[in-house]
Amino acid sequence: MLKLKHLMLGLGILALPACTTTGGSSQAPGARRGASTLAYSKAPIVHQTNGQNIMRKLDRDSWVEIRNSTKNEHIRLYAALGAGEWDVAVSDARTYLQNHPQDEVALTVLAIGLSMKKSYSMAAYYANLLNQYHPGNPEVHNLLGLATMNKPGATFEDYQAAKEHFEKAFDSSGQQIASGLNLAHLNLEMGNAEAARDIFQAVRPRCGDCSEAMLGYGIALSRLRDFAKAEEVFGEILQRDSHSAYARFYLALVAKYGRNDNKGAITHLTALVEDPEIKNVEMQRKGNFLLRRIQAEVYSQPKDTAIAKEKPAKASKKAASESMLVPDDLEQAINAE
């Protein structure tokens, strides 16, 4: 069975235009049947990954303020998602649907909220209802893709089906971001680094070169042994955010397993572990584990050998044709700590 260790489970939440109304306006020529008066074509206000907020245009407090002050029920529903309050979003959407059983916004919010709570089968049920009542909603295939790959006992065929859902979602709108991240990461985990690289590259302009797309792009480059370009991408993330735990960690991985540069890896990992501004405890834990592993490897050897191993080595022709080498047990060992 395919192991999906780092798959991003993203959901793009629809943007709210400044002049949103709950009804009464006419649809633009050529609009799909049953389309909501809310616009889908703007950049997403909130983007989630695996239940965590990774990119925002508004912070949580702003969303709470919007939710408490607006009289627009649709905006209130979206505001609960924006604030990351999945239980509230699900409860409010279900309440609204009691009086408006086919409402597109409420069905969308309910399906997304359930998916963020990892209730994927129920999310898929409401996504199918959404597709039945409002064909063309851009969130449907992203939700169905998540449900397909997360169902119990998912097989390789299920992951292929999930890819098809993500592709349909990503191609449905030039503003789709989450489905592109999902598609790229799924390709990466299934061993197709070239496709992952190209999809991450396609996502970057859609999200304004967000760190999430750049990070995936750098990882794909690493898998393809384009270490110089990968280091450039991770370095650019670090220039934007000097406290980026992920950029530090992956720079260390490239140094260690791509260039055999123990000294460089130790430098990055030490910076990751000792940075008091980094709040990502999980990544610091992983960094600390890898740091201790490399230090044990370096300092348990005779001095001359250890020094030699700290120098970057030029890749041999054989190594250049292989995938980036990271010990198979590294992730398991880190998670078991």
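The legends below accompany close-up views of a predicted model.

Figure 1. Where contacts link residues at least 6 apart in sequence, 60% of them join residues at least 24 apart. The largest nonpolar core holds 83 residues, and those with the most contacts inside it are Val-109, Val-203, Phe-234 and Leu-269. Helix α12 supplies the largest share of this core, with ten residues.

**Figure 2. Packing of helix α12 against helix α14.** Helix α12, which covers residues 245–258, packs against helix α14, residues 281–299, at an angle of about 25°, and the two axes lie 10 Å apart. Because an angle under 35 degrees counts as roughly parallel, α12 is described as roughly parallel to α14. The crossing in which α12 passes α14 is left-handed. On the α12 side the contact is made by Ala-245, Tyr-246, Phe-249, Leu-253, Lys-256 and Tyr-257, while α14 contributes Met-283, Lys-286, Gly-287, Leu-290, Arg-293, Ile-294 and Glu-297. Sorted by class, the residues of this contact are eight nonpolar, one polar and four charged.

**Figure 3. Surroundings of Leu-269.** Leu-269 is listed among the residues with the most contacts inside the largest nonpolar core. Apart from its neighbours within four places in sequence, Leu-269 is in contact with Phe-249, Ala-252, Gly-287, Leu-290, Leu-291 and Ile-294. Of these partners, Phe-249 also takes part in the contact between α12 and α14 on the α12 side, as do Gly-287, Leu-290 and Ile-294 on the α14 side.

Figure 4. The axes of helix α6, residues 140–149, and helix α7, residues 156–172, come within 8 Å and cross at roughly 165°. Because angles over 145 degrees count as roughly antiparallel, α6 is described as roughly antiparallel to α7. As in the view of α12 and α14, the crossing of α6 past α7 is left-handed. The residues of α6 that make the contact are His-141, Asn-142, Leu-144, Gly-145, Leu-146, Thr-148 and Met-149, and those of α7 are Asp-158, Tyr-159, Ala-161, Ala-162, His-165, Phe-166, Lys-168 and Ala-169. By class, this contact comprises eight nonpolar, five polar and two charged residues. Thr-148, found in α6, counts as buried because its relative accessibility of 15% falls under the 20% limit. When neighbours within four places in sequence are left aside, Thr-148 is in contact with Ala-154, Asp-158, Ala-161, Ala-162 and His-165.

**Figure 5. Tyr-133 in helix α5.** Tyr-133 is found in helix α5, which covers residues 120–133, and is partly exposed, with a relative accessible area of 25%. Not counting residues up to four places away in sequence, Tyr-133 touches Pro-101, Gln-102 and Leu-107. Tyr-133 and Asp-103 are 30 residues apart along the chain, and their C-alpha atoms are separated by 8.5 Å.

**Figure 6. Lys-263 in helix α13.** Lys-263 lies in helix α13, residues 262–274, and its relative accessible area of 54% makes it exposed. Although Lys-263 and Val-298 are 35 residues apart in sequence, the distance between them in space is 9.2 Å, C-alpha to C-alpha.

**Figure 7. Two loop residues with positive phi.** Most residues other than glycine have a negative phi. Arg-225, placed in the loop between α10 (211–223) and α11 (227–240), has a phi near 65°, a positive value in a residue other than glycine. The relative accessibility of Arg-225 is 16%, so this residue counts as buried. Asn-260, in the loop between α12 and α13, likewise is not a glycine and has a positive phi of about 55°. At 30% relative accessibility, however, Asn-260 counts as partly exposed.

Technical notes. Residues are numbered from 1 along each chain as its sequence is written. This is a predicted model: local features need pLDDT of at least 70, side-chain atom pairs count only at pLDDT 80 or more; totals for chains, interfaces and linings use all residues. Side-chain values use heavy atoms; hydrogens and water are left out. Axes are lines fitted to C-alpha atoms, for helices over the stretch in contact, and angles run from 0 to 180 degrees between N-to-C directions. Helices (H or I, at least four residues) and strands (E, at least two) are DSSP runs, numbered from the N terminus. Angles under 35 degrees count as roughly parallel, over 145 as roughly antiparallel, 65 to 115 as roughly perpendicular and the rest as oblique. A crossing is left-handed if the near helix is turned anticlockwise from the far one by less than a right angle, and right-handed if clockwise. Contact means heavy atoms within 4.5 Å. Ala, Val, Leu, Ile, Met, Phe, Trp, Tyr, Cys and Pro count as nonpolar, Asp, Glu, Lys and Arg as charged, and the others, Gly among them, as polar. A nonpolar core is a set of buried Ala, Val, Leu, Ile, Met, Phe, Trp, Tyr and Cys residues joined through side-chain atoms within 4.5 Å. Buried means under 20% relative accessible area, exposed over 50%, partly exposed in between (1.4 Å probe, protein chains only).
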